[in-house]
Amino acid sequence: MKTTRSIAAALALAALFFAPAPIWAHAFLDHSDPAVGSTVPAAPAALNLWFTQELEPAFSWVTVTDKSGATVNDGSAAVDPNDQTKLIVKLKPLDPGTYTVKWHVLSVDTHTTEGDFTFQIGKG
Ligand SMILES: [Cu+2]
């Protein structure tokens, strides 16, 4: 009986490991607007970030900084009420230059992920 139980436990554990991908997926950055590494001709009024999973708004944030390290986002990032995978952060009026985006999100599966990228405003 004991053996049967441990086999059952082993099978249950194996089932966990081979469970469908979503259980193990985290919220990674899928794409953004302005796009990662892109050069845009005009200063965008906001930065939009789409993730691979729905986010917990209270624990998800984005900062955008200019070359000098000054924060240029206008207020905190907000999760789009119509799309829980999307973060929107308003931007102050930006001059041409390179901007660094740092994001840190908590997805609904309670996993935290973070990353950074740059985009440029100006001559493409
Ligand atoms: Cu996860």
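Contact here means that heavy atoms lie within 4.5 Å. The structure is a predicted model, in which local features need pLDDT of at least 70 and side-chain atom pairs count only at pLDDT 80 or more, while totals for chains, interfaces and linings use all residues. Residues are numbered from 1 along each chain as its sequence is written, and side-chain values use heavy atoms, with hydrogens and water left out.

Leaving aside neighbours within four places in sequence, S60 is in contact with L55, L87, H104, V105 and L106. S60 sits in the loop between β3 (46-51) and β4 (61-65), where strands are DSSP runs of E with at least two residues, numbered from the N terminus. Because its relative accessibility is 5%, S60 counts as buried, a term that means under 20% relative accessible area with a 1.4 Å probe and protein chains only. The side chain of S60 reaches the backbone oxygen of E56 at 2.8 Å, and the backbone nitrogen of L106 at 3.3 Å.

Rings of Phe, Tyr and Trp (its six-membered ring) pair if their centres lie within 6.5 Å, and planes under 30 degrees apart count as stacked, over 60 as edge-to-face and the rest as tilted. By this rule there are two aromatic pairs.

| Pair | Centres apart | Angle of planes | Class |
|---|---|---|---|
| F51 and W103 | 5.1 Å | 70 degrees | edge-to-face |
| Y99 and F119 | 5.9 Å | 25 degrees | stacked |

F51 lies in strand β3 and W103 in strand β7 (residues 97-106), so this pair ties together parts that are 52 residues apart in sequence; both F51 and W103 are buried. Y99 lies in strand β7 and F119 in strand β8 (residues 112-121), so their pair ties together parts 20 residues apart in sequence, and both Y99 and F119 are buried.

Technical notes. Helix = DSSP H or I, 4+ residues; strand = E, 2+ residues; numbered from the N terminus. Buried < 20%, exposed > 50% of the residue type's maximum accessible area, 1.4 Å probe, protein only. Polar contact = N/O pair within 3.5 Å; in protein donor to acceptor, adjacent residues only side chain to side chain.
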